Amino acid sequence: MKRQIPLALCFLFGIVMIITQFSPHPVSKSIYERVISGALIIGPFALVLATITLIQTHINRIQRRTEHWGYSFVVFAGLITMVAIGVPFGPENPIFVWLYRNVQVPMDATMFSLLAFFIASAAYRAFRARSTEATLLLVTALIVMLGNVPVGDLIWNSLLSLTGLDSIISQNGPSSARGWILDNPNLSARRGIILGVSLGVISQSIRIILGIERSYLGGGD
Amino acid sequence: MKHNKICLWIAVCTTLFLWTSLGYCQGSAAPTNVVAIDTPNDDGSSITVTWDVPAETSGIVGYNILSSVDGAEFSKLGEQLSLDDVIDQETNMCMYQDTSISRLNTYTYIIQAVTETGEISDSQATESVSAKAQIFHTGKIPLFLAMLLFSAAIVGSIYHARSGKEVFVRRIPGLEAVDEAIGRATEMGRSILYVLGLGSVSNVATIASMTILGQVARRTADYETPLRVPCNDPVVLNVVREMVKTSYLDEGRPDAYNEDNIFFITESQFAYAAGVDGMMIREQPAAIFLQGTFYAESLILAETGNSIGAIQIAGTDSEAQLPFFIAACDYTLIGEELYAASAYLAREPMLLGSLRGQDWGKLFIFGLIVLGVILELTGINWITTLLQNVR
């Protein structure tokens, strides 16, 4: 019974939500909006539970004096400060907004900017020409990178005029080659992946609606 | 007498010329072929009025739309519309959609053409029309049929697999490596870090990731390897706790389950990335699973995992993040392989059967693409037209 009711509800709501996608009737729209709103209501309750687990995790860290346990006080300081200002005075409060803009946003930006360095290190490993595929990747990447910056076309055009080949070979080669690579092989591969993903999503959804895939309920039986 | 006759002829000709000229001018300025219909495939909240595109020489610069409710006096709707506002390039007709209507009333429309000189010419009033809500969107019939066909292929394959016939599934290295990764962590006495990405519980990729986590948890329960799951979504956290707990119970190792190992960090994208990176550096897990929906944080996580020398198995349906995972991880489940993972790991015939149905779907699409290309090359474009009309 513990499993049968969620499975029956899943089947019922799965079928109803599919039907709503093919019916523009106001009743269908209303059902869709009500179900979505219902799902949104669960969020805040779950957030309370999640916050409790966060607090428990950091209390345990402080009690057990695990490595870097002192940082757990920083978590509590941030949590208490934002709740103490945000709950009684609302998210429009100037102090709350100031803390958001001058603490959270810069820290987010810092993490995001690390991406540039990670891209460089990942690209270094990926582009090492140790096999035919890696060499192909390296050459393609070089063309795309040169095509993305104006200096790529400038170098190409200068070389053509120096060698006198500008009357035979077309100008702006890197940017044209970049466009061709992105619009043809790259886009084809992406669409192939998207098609596979879409079919995978439908297949997974059918398995869930029919109750064949039920591990999300806890366990596979 | 003769002089009078000539004068009479001149008068008649002049009158005829002026009358026909006036008639011609009025005919060219007044909108023609004005038709009002209930907008197809909507919820009954609009009526569409169409009329012919004016000739370039007509001098028309805009239109006023007049409507009458239940036969009452006509009144103007909104401001004057320019030609750009009303000309529909797809159908090459002028079009106006009245969304200020009620399904309980009937409506009649007159279109007023306004010329450069400010002259106004009224069209004929349209027939009375009322709006009705449609139950089925006829523009989605091809999509509906494709969905039925694909669903039938999957369900048919599932029931075929139930009969006990073996289903061949190609080897997926990323999933073959799951046991290797868990074994490595066990031998090294270190933990396994499982990251579900930033997707919510309504995201199919997150559900697929959870099913893989269920299988991983069964193995870690056997080996007593610590499994750490930092969550980004509160609902996902609670579902994952239940899932992992049940997996440990199913393996007869409830004592090995530690609820504290599955915890919430934050909903903020980069704060979450920072938290998980910190865990990687501090705890040095031997195996890292990055499965689910990822955005810009994908490479931040994968590169940090790479720097600590952990074996990394990634999988995502976010095609923009795949190159990063391929570059930084040992194994990557590309797109649909993520959805095949639960069937592959569980080896349940019914789940494996659905993979065969998925392949039938791919074969059908591939056949349609080849047929479409051949037909387009021979100048027949009904497949393209059909697909373009799917809304």
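## The contact between chain A and chain B

In this predicted model, the contact between the two chains draws 59 residues from chain A and 72 residues from chain B. The area buried between chain A and chain B comes to about 5300 Å², and carbon and sulfur atoms give 69% of that area. On the side of chain A, the residues that lose the most area to chain B are Phe22(A), Met111(A) and Leu199(A), which together account for 13% of what that side buries.

Between chain A and chain B there are 13 residue pairs in polar contact, counting pairs in which both residues are at pLDDT 80 or more. Four helices of chain A, namely helix 1 (4-22), helix 2 (26-64), helix 4 (94-126) and helix 7 (173-209), each supply at least two residues of the side that touches chain B. Helix 7 of chain A provides the largest share of that side, with 16 residues. Sorted by kind, the residues of chain A that touch chain B comprise 29 nonpolar, 19 polar and 11 charged residues.

## A salt bridge across the interface

The count of salt bridges between chain A and chain B is three. One salt bridge joins Asp43(B) and Lys29(A), whose closest N and O atoms are 3.1 Å apart. The pair crosses between chains, with Asp43(B) placed in the loop between strand 1 and strand 2 of chain B and Lys29(A) placed in helix 2 of chain A.

Phi of Asn41(B) is near 55°, a positive value in a residue other than glycine.

## Salt bridges within chain B

Over all chains, the count comes to 14 salt bridges. In chain B, the side chains of Glu251(B) and Arg218(B) meet in a salt bridge with an N to O distance of 3.2 Å. Because Glu251(B) lies in the loop between helix 6 (234-250) and strand 11 (262-264) while Arg218(B) lies in helix 5 of chain B, this pair ties together parts that are 33 residues apart in sequence. Glu251(B) counts as partly exposed, at 27% relative accessibility.

A salt bridge also forms between the side chains of Asp359(B) and Lys362(B), at 3.3 Å from N to O. These two residues are three residues apart in helix 11 (residues 349-377) of chain B, so they are separated by about one helical turn. Asp359(B) counts as partly exposed at 43% relative accessibility, and Lys362(B) likewise counts as partly exposed, at 29%. Elsewhere, salt bridges that share partners join Arg218(B), Asp250(B) and Glu251(B) into one network.

## Nonpolar cores

The largest nonpolar core has 59 residues, and those with the most contacts inside it are Tyr194(B), Leu196(B), Leu227(B), Val229(B), Val240(B), Val244(B) and Phe289(B). Helix 5 (residues 204-223) of chain B gives the most to this core, contributing nine residues. A second, separate core of 28 residues includes Leu290(B), Ile308(B), Ala310(B) and Ala328(B).

When residues up to four places away in sequence are not counted, Val240(B) touches Leu196(B), Met210(B), Leu213(B), Val229(B) and Ile262(B).

## Two loop residues

Ser123(B) lies in the loop between strand 8 (120-122) and helix 3 (141-162) of chain B. With a relative accessible area of 8%, Ser123(B) falls under the 20% limit and therefore counts as buried. Leaving aside neighbours within four places in sequence, Ser123(B) is in contact with Pro31(B), Val34(B), Ile110(B) and Ile111(B).

Arg65(A) is found in the loop between helix 2 and helix 3 (71-89) of chain A. In contrast to the buried Ser123(B), Arg65(A) is exposed, with a relative accessible area of 52%. Phi of Arg65(A) is near 50°, a positive value in a residue other than glycine.

Notes:
Residues numbered from 1 in each chain as written. Chains lettered and ligands numbered in written order. Predicted model: local features only at pLDDT ≥ 70, side-chain atom pairs only at ≥ 80, totals over all residues. Heavy atoms only, no water. Core = buried A, V, L, I, M, F, W, Y, C linked by side-chain atoms within 4.5 Å. Buried < 20%, exposed > 50% of the residue type's maximum accessible area, 1.4 Å probe, protein only. Contact = heavy atoms within 4.5 Å. Buried area = accessible area lost by both parts, 1.4 Å probe. Salt bridge = Lys/Arg side-chain N within 4 Å of Asp/Glu carboxyl O. Polar contact = N/O pair within 3.5 Å; in protein donor to acceptor, adjacent residues only side chain to side chain. Nonpolar A, V, L, I, M, F, W, Y, C, P; charged D, E, K, R; others polar.
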